[in-house]
Amino acid sequence: MTYCLGILVKEGLVLAADSRTNAGVDYISSYRKLFDFSKPGDRVILLCTSGNLSITQAVVHRLEQDIKHDREPNLHSLHSLYDIARHLGEQIRTLQEADRAWLAQDKIDFKCSFLLGGQVQGEVPELFLIYSQGNCIKATPETPFLQIGETKYGKPILDRTLGFDVPLDAVAKCALLSIDSTMRSNLSVGPPIHMAMYQANSFEIRHRAKFQAGDPYLIKMRKHWEVALREASLSMPDISWNHADALLPLGIPDPGDT
């Protein structure tokens, strides 16, 4: 399992991913899950991958080779990020179909999913989630983040802190907190964490980061967040107990039931 997320706000994009791959308790390793296919000055294309590693690696390899050998279509020739999302879906289906019978024979899950974020000249920044079936959905101002992989532990922070007008630097902190909280609760998600931040209309990635387990900033952020949560919980107003309509002791009927 892995955890990847993309966040789209007015100022730009943040994509982040952990690197842990779990094929059972005896085989846990690290593989990069965030990839940059950008063409500076023309387009920014960032991909995050989750799911069957052989399928996702095959898709990424094919995308790289299509660009290298100038095969049409490729990520640098398609006219919009939506076209790129649909092309990526077609590549997923093609490679899954090629391996489906052999993987299914040994009951191996061949599903995968991708996050695609970036901007093409003439278009606004966009963020897509491409499903294993090849179809996709797009982030919106009302729903500014998308997740793949082990999503549930990192979602509450995003729900409570994100909005379309949140500054990009704050968005990056939210993304890192979301991944760190997931690592805290699920051993199948782990470092290093890769993250990229894109400023809208700049058409180049100027901010990249890689956080290992003992990274000083990661440790500082984690301690700051834990202290802030503890202080917030202790300073909350006291609960008002002994309401008249609260639960009655067993055996005593509730007057409201008659």
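Buried residues have under 20% relative accessible area, exposed residues over 50%, and partly exposed residues lie in between (1.4 Å probe, protein chains only). By that rule Arg184 is exposed, at 63%. The model is predicted: local features need pLDDT of at least 70, side-chain atom pairs count only at pLDDT 80 or more, and totals for chains, interfaces and linings use all residues. Residues are numbered from 1 along each chain as its sequence is written, and side-chain values use heavy atoms, with hydrogens and water left out.

A salt bridge is a side-chain nitrogen of Lys or Arg within 4 Å of a carboxyl oxygen of Asp or Glu. The structure holds 11 of them, including these:

| Salt bridge | Closest N and O atoms |
|---|---|
| Glu150 and Lys152 | 2.7 Å |
| Lys155 and Asp159 | 2.8 Å |
| Glu226 and Arg184 | 2.6 Å |

Helices (H or I, at least four residues) and strands (E, at least two) are DSSP runs, numbered from the N terminus. Glu226 is partly exposed at 28%. Glu150 is buried at 10%, whereas Lys152 is exposed at 51%.

Rings of Phe, Tyr and Trp (its six-membered ring) pair if their centres lie within 6.5 Å; planes under 30 degrees apart count as stacked, over 60 as edge-to-face and the rest as tilted. The count is 2 aromatic pairs. The rings of Tyr82 and Phe128 are tilted, because their planes stand at 50°, with centres 6.1 Å apart. Tyr82 is in helix α2 (residues 81–105) and Phe128 in strand β8 (residues 126–130). Phe128 is buried at 2%, while Tyr82 is partly exposed at 42%.
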